[in-house]
Amino acid sequence: MEWEKQQKYYEIMEKITDTTCNPDYFSRDEFIASLNEFCDLFRIAKGETAFYLNAHSEQIGQGEIMIDRDNGHGDIEILHRRIAPKTGVIMVGKLYMSKDDEPLTEEEFAKVDLVYRIVMSFIARNRLQKKLYQFAFFDEDNYPNRRAFNRYIAESLMKNEQYNYTAICINLRHFSLINQDLGRFIGDKVLRIYFKLLEDEIGENGIVCRLGGDNFVLFIKNELTDRFLNLFSGVQINYDDNDPEKHISLSARAGVFKVSEKFPLDTPGQIMDKVFPAIQMAKQRGVNVAYYDEEFDSAKDHIQKVRQRFVEGMEKSEFRAFYQPKVDITTGKVVGAEALCRWFRDDRMVMPMEFIPILEMNKDICRLDFHMLKVVCSDIREWLDEGLSVPRISVNLSRKHLSDTDLLDRIIGIIDKYNVPHEYIEIELTETTTDVEFKELSYVVSGLRNAGIHSSVDDFGNGFSSLNLIRSVPWDVLKIDRSLLPTDDEHSIGVTSLYEHVVSIARDMGIQCISEGVETKKQVDLLRKNNCLIAQGFYFAKPMPKEEFVKLLDGTPFINKIN
Ligand code: C2E
Ligand code: MG
Ligand code: MG
């Protein structure tokens, strides 16, 4: 190779190695210009590079093909290289010459081959970098992932800007129902539209990432918080561009944490330790938003303490059953009783409201409920053995049990172990709101009925009453919540119609009806007028220890209260 050409070759080679070794200052135009010079020097007519995501794409020729040089005379293929790294991505490079040009000498070919290998490995590295970026910061559905989130936070920490931000973790409400009703395809589309909406709303003021499923996490400037909380309370999503009628309303539950002096942030990971418990709390409380703040912190300590003490309390048998009579208001007889839990701890009687909501946050409540059922069965057995006439006793069962697949067997197992005839037991369950729970509830209540165990809807009317719930589940008893029974003051202003309505529905469906929270004679009269003949409430008796309760079992202890 003549000297001049040698010189030119070294010059081009230097430029190429310069660009490829300094990817930070890489200029595509300069790179292509050097390659063109190189092709001119060595009579290369055409250069072609192809990328395939995997071997199969290569086989069927489905790749990304780039031709940066082509003078229209690429007749003969002179070089063919294939790079297949372990990532599965495949890169193929080819060079062509014109049939009219003089073929490359051995020395020329060696040089062309060397340069081409450098160029290809540079391009392959760039490609891999892009792929790596994609893998690292996006999930399989192409949503930014938690790593992208952490990187954003790390950057704000570096700039000491974290105090300007609030983190919010959200879970879409009833998204599984959307998937069920509209199909997965539309479900995915809705999710994408919703995500895009969040991204657009955030703009340059934060980041949103998907944690998986219908869970997302945001890190946004403080001033955006209210706007977003409003958005989470419900927004309309149109999922068919051709049909404006096709839309749904999407809302989300949120756990919120504002970075502050009181709750600083040292590492991005700490965000999740705050927003997860907060959203958990929102769920447990049945509210849309919960904040991780001082109040949350102290509540958390309290919860922790109750949980620890619960374990000790169970071991030391500190939980006892109190009985509140259910009274037939036509005879004054005790026709039933509800077993209510009392915790005797440190010489104090702790009321259920102080611990039941906490035990309901996890499955601790199930342990307590089974314990109560055992206590009640043991008491009934004792009373039956003493020859007392025992009425049916009801036991409260938390909704947390519903997902337990062998719930029925366990209930029946306990009752049978104490050798108590099934008709002495009634199970009180509260209403449900979700479809899944509804199916489970239906299954449990039917199972109880088949086993000859009564079941009642507790607190009916307090919350999400649904007549469907009552109609399609074979309940035996409807317990009308205290809040529906008019107080004496309300009586006079005629707030009785709702109560009357509910009682009449129960009667029409042939379900026995009990009024809870009866406190006055006037209320007893209202019950009688509406033909709801069983009452439970302080007017007759407060929940009492078993020793007191047994004294009421014979006779008509409340006869003077009903006349
Ligand atoms: P609940 O099942 O609706 O029980 C009725 C509650 O109303 C009892 O409160 C009872 O003392 C109260 N009550 C009855 N009559 C009157 C009245 O005339 N006026 C007023 N103001 N209140 C009346 P308690 O014993 O504090 O229990 C509260 C709740 O705790 C129960 O509501 C039940 O949901 C839950 N609970 C109690 N024991 C257990 C248990 O063993 N397991 C489960 N899962 N929950 C329980
Ligand atoms: Mg109850
Ligand atoms: Mg109740």
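## A magnesium site and its surroundings

The magnesium ion (ligand 3) is coordinated by Asp458 (OD), Asp459 (OD), Glu516 (OE) and Glu516 (OE), at 2.0 to 2.6 Å. Donors here are N, O and S atoms within 2.8 Å of the metal (3.2 Å for Na, K and Ca); water is not among the atoms, so sites may look incomplete. This is a predicted model, in which local features need pLDDT of at least 70 and side-chain atom pairs count only at pLDDT 80 or more, while totals for chains, interfaces and linings use all residues. Residues are numbered from 1 along each chain as its sequence is written, chains are lettered from A and ligands numbered from 1 in the order in which they are written, and side-chain values use heavy atoms, with hydrogens and water left out.

Along the chain, the donors of the magnesium ion (ligand 3) show the spacing D-D-x56-E.

| Residue | Relative accessible area | Class |
|---|---|---|
| Aspartate 458 | 7% | buried |
| Aspartate 459 | 23% | partly exposed |
| Tyrosine 499 | 0% | buried |

Let us look at the last of these residues. Tyrosine 499 sits in helix α17, which covers residues 497-508. Helices (H or I, at least four residues) and strands (E, at least two) are DSSP runs, numbered from the N terminus. Leaving aside residues up to four places away in sequence, tyrosine 499 touches several residues, among them Ile480, Leu484, Pro486, Ser515 and Cys532; a contact means heavy atoms within 4.5 Å. Proline 486 is 13 residues from tyrosine 499 along the chain, and their C-alpha atoms are separated by 7.5 Å.

Now for the whole chain. There are 20 helices and 20 strands, and buried residues make up 46% of the 563 residues. What box do the C-alpha atoms of the chain fill? Taken along the principal axes, the box is roughly 125 × 50 × 50 Å. The chain has a radius of gyration of 37 Å, whereas a compact globule of 563 residues would have one near 24 Å. This radius is taken over C-alpha atoms, and the globule rule is 2.2 Å times the number of residues to the power 0.38.

Notes:
Buried means under 20% relative accessible area, exposed over 50%, partly exposed in between (1.4 Å probe, protein chains only).
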